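Open the model in a viewer and keep the selection tool at hand.

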Amino acid sequence: MTQLIAQRPEPGTPRPYRFPPVVRRSVAGGSVVAADLPGANLAVASLLLDAGGGRETIGVEGVAEVLAKALEEGTAARSAADYAVALESLGTDLSLSVDWDSFSATVQVPVASLPAAVELLAEAVRRPKLDPADIERVRDDEAESLRLYWANPGPRADAVLRGDLFGAEVRHGRPLSGDPRTVGALSVADVVGFHRSWFMAPGTLLVAGDLSRIDLDALGRAAFAGADEASPVVGDPFPAGGRTTRRIVLVDRPGSVQSTLRLGHTAPHRSHPDYVPMTLGAIVLGGAFTSRLNHLLREVRGYTYGIRSEYGLSRRFGRFVTSAGVQTAVTAPALVDAVGEIARTQAEGVTEPELAVARDWRAGQLSVGLQTPRAYASALSTLVVHDLPDDYHARLRESLLHATVEEVSAATAAHLNAEGITLVIEGDAAAIRPELEATGLGEVVVAAI
Amino acid sequence: MSETGYPWPIETTRLANGMRVVVSEDRSAPVVAVNLWYDVGSRHEPAGQTGFAHLFEHLMFEGSVNVPKTEHMRLVQGNGGSLNATTNPDRTNYFETLPAEHLELALWLEADRMGGLVPALVQETLDNQRDVVKNERRQRYENVPYGDAWLRLLPLLYPEGHPYHHPTIGSMEDLNAAELATFQAFHRSYYAPDNAVLTVAGDAGPAEVFELAEKYFGGLTAGGSRPAAPTGSLDGWAGPVSSVVAAEVPAPRVYVAHRTYPYGTPEHDAVTVLATVLGQGRGSRLYRLLADGARLAQPDSVGAYGVDLAYAPAPLIASATARPGVTAARLGAALAEVVDELVTGGVTEQELARAQALLETEWWTAVATVDGRADLLSRYATLFGDPALVGSRLPGWRAVTTSALAEVAREVLRPEDRVTLVYEPMEAVA
């Protein structure tokens with residue numbers, strides 16, 4: 001006969017939380033920021049430049065991405081094919097990433113190969129060939145790649161939401177990677193010009209690995225060679241603004257078996273003093289599995305495979321967004337439920353049992369999520385991009401664990417905006433429009449996209 | 001360079017009820033991974049019950065005798081942990097990674113749903129999770145372009161009655177017909193301690209883990225006899241096979257697939273290397289010849305990989321999406337030609353070295369986390385009876401030679417054994 005233990009066990013003694021010492025070096029005009037991971041077989045190096053989507057001007061959105069792809073089309077020293085084989089024979093690709101605040105190029109290799117990998121990284125980032133014919137080809141490929149991507153549910157809804165929140169007259173009111181049309185219209189001069197403007201400041205080299213086997217100064221010299229422009233100045237946050245009336249924007253996807261929901265409004269920037277309580281509130285609402293939204297729409301109603309809400313925060317602006325795919329036939333009731341939970345959370349705040357889950361989850365994830373060199377490099381990137389102190393992660397853990405119901409409820413009241421939220425629904429318009437209008441949640445408009 | 005791919009200690013024991021326990025201690029981070037493999041997957045499903053193993057995986061999160069509905073997720077996340085579970089043709093795995101002081105909580109939760117799920121399983125839960133799974137099917141397979149490629153490839157690769165013929169997500173009809181009693185019986189058959197491997201990796205020692213395993217799992221009764229999975233046969237399978245689908249897709253796409261060898265064999269190691277030569281990275285054959293050279297395929301669309309299935313010859317799949325103006329026929333012919341060249345022309349030493357270097361990094365990335373290690377140890381214990389064999393995978397890749405690649409290519413990439421799946425945009429065929 002099976003015997004189960006009925007009593008839930010108490011936790012053991014907590015192990016101390018520690019973030020490895022952050023090592024900073026000034027080398028050849030740039031900064032090296034490193035985390036020591038004794039015994040790690042792999043090492044990661046990431047060159048971080050203040051050259052993200054936020055540096056693009058209106059009309060050339062997506063140029064940073066096209067440039068990123070063009071960097072691998074050959075260098076001053078070797079052809080594209082030779083470059084690929086040289087780098088991949090060290091065991092790594094060149095992982096290129098563009099977000100609103102930064103551009104990064106990352107390599108991950110067995111630690112002995114790190115100097116050679118950083119040399120190759122610098123060769124592509126600092127001394128690319130940028131042949132006009134290659135740039136045009138890469139641009140066309142990127143435009144087609146976006147066209148294929150935009151055939152998925154989601155990208156069009158995201159673009160419509162972004163435009164509605166921030167307006168098409170500012171860069172961050174347009175998609176981070178541009179759209180198939182804007183990217184297709186980029187010129188060779190746009191791409192070369194972006195490199196000249198933003199890729200010749202030294203930036204920061206992030207390194208995570210066994211530092212007893214790594215010469216940080218040598219890596220810094222390789223990464224910063226020839227990069228002697230001054231570092232660009234970071235602008236102030238944009239005014240957050242926000243709508244006062246709710247609206248439903250329909251993006252037609254005929255025949256869609258699900259409706260893709262993107263419900264969002266503007267939010268403060270990343271360095272806002274309410275960062276901790278605000279993001280904890282978003283976990284209670286829609287971050288954890290047992291959050292209000294996922295519990296109701298998935299576990300009670302069965303409308304969706306999953307629904308989540310989160311803040312997307314960068315240096316100069318932010319937004320709150322709730323995302324889900326729901327079965328077409330239940331689009332309207334799912335929307336009513338979701339808006340209801342957002343409004344309830346704004347009006348009533350959070351409870352201690354819910355907040356306890358959010359607090360401990362995020363604090364614990366600082367340990368659980370930080371196991372690999374890549375994860376440590378990403379944590380270092382947060383320090384650099386947002387100009388945070390070396391003990392930031394240890395302090396963050398403490399502020400998460402000490403956040404009170406009152407603080408978090410005050411933050412949800414201040415920063416959620418259920419009355420002014422924009423409800424973008426990408427789905428079969430003919431099938432869902434009448435029901436959406438009947439919800440009374442807001443005026444229904446169809447987006448031209 | 002490490003001789004083994006697994007330079008951490010491995011300790012094992014077996015409880016009296018047959019449950020195997022594996023421990024791999026590493027104190028470098030204050031976290032612990034708990035991982036269970038149950039030796040049941042969609043290959044065990046009889047006709048009319050496709051998708052049941054996976055739907056059952058969902059039910060395992062919905063409460064058990066001492067754990068009310070929703071508590072499992074709340075307790076793990078609310079104590080700082082990550083958790084999930086997956087089902088594939090071979091097996092079902094459950095795993096959580098937590099701050100180390102919550103190890104005992106994780107073991108308690110896992111034991112309670114292993115030994116005490118059936119009394120807590122009610123119709124309402126089944127109905128709700130059936131709806132969730134149907135939404136998972138819509139979201140992952142039906143509502144995205146090319147999303148059903150895997151569902152279409154399997155029946156082309158494996159004949160009716162073969163355990164890999166049907167996909168793990170199952171059919172809507174079978175899910176609709178699912179009855180509570182079937183799931184209760186399913187749990188009794190397969191969710192028994194002697195059909196499971198428990199692995200704990202990270203900030204915990206073997207003595208402590210063995211004692212806790214005995215405390216929480218020792219009281220569970222061993223299962224009775226279990227229906228064996230059908231073995232399936234590929235004898236008489238005559239190819240090549242091809243299928244053309246007109247769908248709501250933005251461009252033509254071609255998949256080429258071959259049955260190769262079961263996971264865990266030296267030949268499968270060679271296939272993994274071969275797939276890397278063929279389709280991983282900008283230095284791969286597909287990138288150089290189809291994307292860069294002939295400009296037939298979208299550069300970010302080409303790829304090839306070997307699937308890690310252990311109970312029959314596992315597939316190697318290569319795919320590419322056409323550039324504007326390129327027809328599916330032209331792309332398909334070129335893709336087939338690149339695969340054929342592996343057979344006729346072999347692979348160079350430089351290509352082999354590139355692939356092995358990429359796989360070396362991939363391996364150390366996979367074992368950089370305690371959760372990655374725990375899952376691999378459970379895998380090797382479940383599939384091959386010995387978790388320590390995990391250390392042989394990386395040396396297996398390193399030992400592959402160009403002549404071994406030529407041999408497996410000749411053996412498994414024959415045109416007459418090829419399965420081809422083509423997507424054509426609706427308007428192109430209208």
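A residue counts as buried if 20 or more other C-beta atoms lie within 10 Å of its own, as exposed if 12 or fewer do, and as partly exposed in between. The model is a predicted one.

**Stop 1: two residues with positive phi**

Select A:Ala28, in the loop between β1 (22-27) and β2 of chain A. A:Ala28 has 17 C-beta neighbours inside 10 Å, so this residue is partly exposed. Its phi is near 50 degrees, a positive value in a residue other than glycine. Most residues other than glycine have a negative phi.

Now go to B:Tyr146, in the loop between α4 (123-142) and α5 of chain B. The phi of B:Tyr146 is also positive, near 65 degrees. Is B:Tyr146 buried or exposed? B:Tyr146 is buried, because 24 other C-beta atoms lie within 10 Å.

**Stop 2**

The contact takes 31 residues from domain 1 of chain A and 28 residues from domain 2 of chain A.

On the domain 1 side, select β2 (30-36), β3 (42-49), β5, α5 (155-166) and β6 (204-209) of chain A; each supplies at least two residues of the side that touches domain 2 of chain A. Which element gives the most to this side? It is α5(A), with eight residues. By class, this side of domain 1 of chain A has 17 nonpolar, 10 polar and four charged residues.

**Stop 3: the two domains of chain B**

In chain B, the domain assignment gives domain 1 (11-217) and domain 2 (241-429). Here 28 Å separate the domain centres, taken over C-alpha atoms. Domain 1 of chain B brings 33 residues to the contact and domain 2 of chain B brings 30 residues.

Select β2 (20-25), β3 (31-38), β5 (92-99), α5 (149-157) and β6 (196-202) of chain B to see elements that each supply at least two residues of the side of domain 1 that touches domain 2. In this chain β3(B) gives the most to that side, with six residues. The side of domain 1 of chain B that touches domain 2 of chain B has 19 nonpolar, seven polar and seven charged residues.

**Stop 4: where the chains touch**

Show both chains together. In total, 63 residues of chain A are in contact with 69 residues of chain B. On chain A, the elements that each supply at least two residues of the side touching chain B are α2 (80-88), β5 (103-110), α4 (132-149), α10 (292-300), β9 (304-313), β10 (318-327) and α12 (352-368). The largest share of that side, nine residues, comes from α12(A). Sorted by class, the side of chain A that touches chain B has 27 nonpolar, 25 polar and 11 charged residues.

Helix α4 of chain A also holds A:Glu136. With 15 other C-beta atoms within 10 Å, A:Glu136 is partly exposed. Draw a distance from A:Glu136 to A:Ser26: the two are 110 residues apart in sequence and 38 Å apart in space, C-alpha to C-alpha.

**Stop 5: a helix and a strand pair**

Select helix α11 (residues 331-348) of chain A. At 1.5 Å a residue, its 18 residues should span 26 Å, and its end C-alpha atoms are 25 Å apart, which agrees. The buried residues of α11(A) include A:Ala334, A:Leu335, A:Ala338, A:Val339 and A:Ile342. Just after α11(A), A:Gly349 takes a positive phi of about 75 degrees.

Move to strand β9 (residues 303-306) of chain B. Its covered face has B:Ala304 and B:Gly306, while the uncovered one has B:Gly303 and B:Tyr305. Four bridges join β9(B) to strand β10 (residues 315-321) of chain B, and the two run antiparallel. Which residue in β10(B) is the bridge partner of B:Gly306? That partner is B:Leu316.

**Stop 6: annotated spans**

For chain A, the annotation "domain: Peptidase M16 N-terminal" covers residues 32-153. The end C-alpha atoms of residues 32-153 of chain A lie 40 Å apart, and the span is 39% helix and 20% strand. For chain B, the annotation "domain: Peptidase M16 C-terminal" covers residues 181-359. Residues 181-359 of chain B are 41% helix and 18% strand, with end C-alpha atoms 45 Å apart.

Conventions. Residues numbered from 1 in each chain as written. Chains lettered and ligands numbered in written order. Predicted model: local features only at pLDDT ≥ 70, side-chain atom pairs only at ≥ 80, totals over all residues. UniProt positions renumbered as here; feature names shortened; annotations may be inferred. Expected span 1.5 Å × (residues − 1). Contact = placed C-beta atoms within 7 Å. Nonpolar A, V, L, I, M, F, W, Y, C, P; charged D, E, K, R; others polar. Domains from an automatic or database assignment. Pairing = 2+ DSSP bridges.
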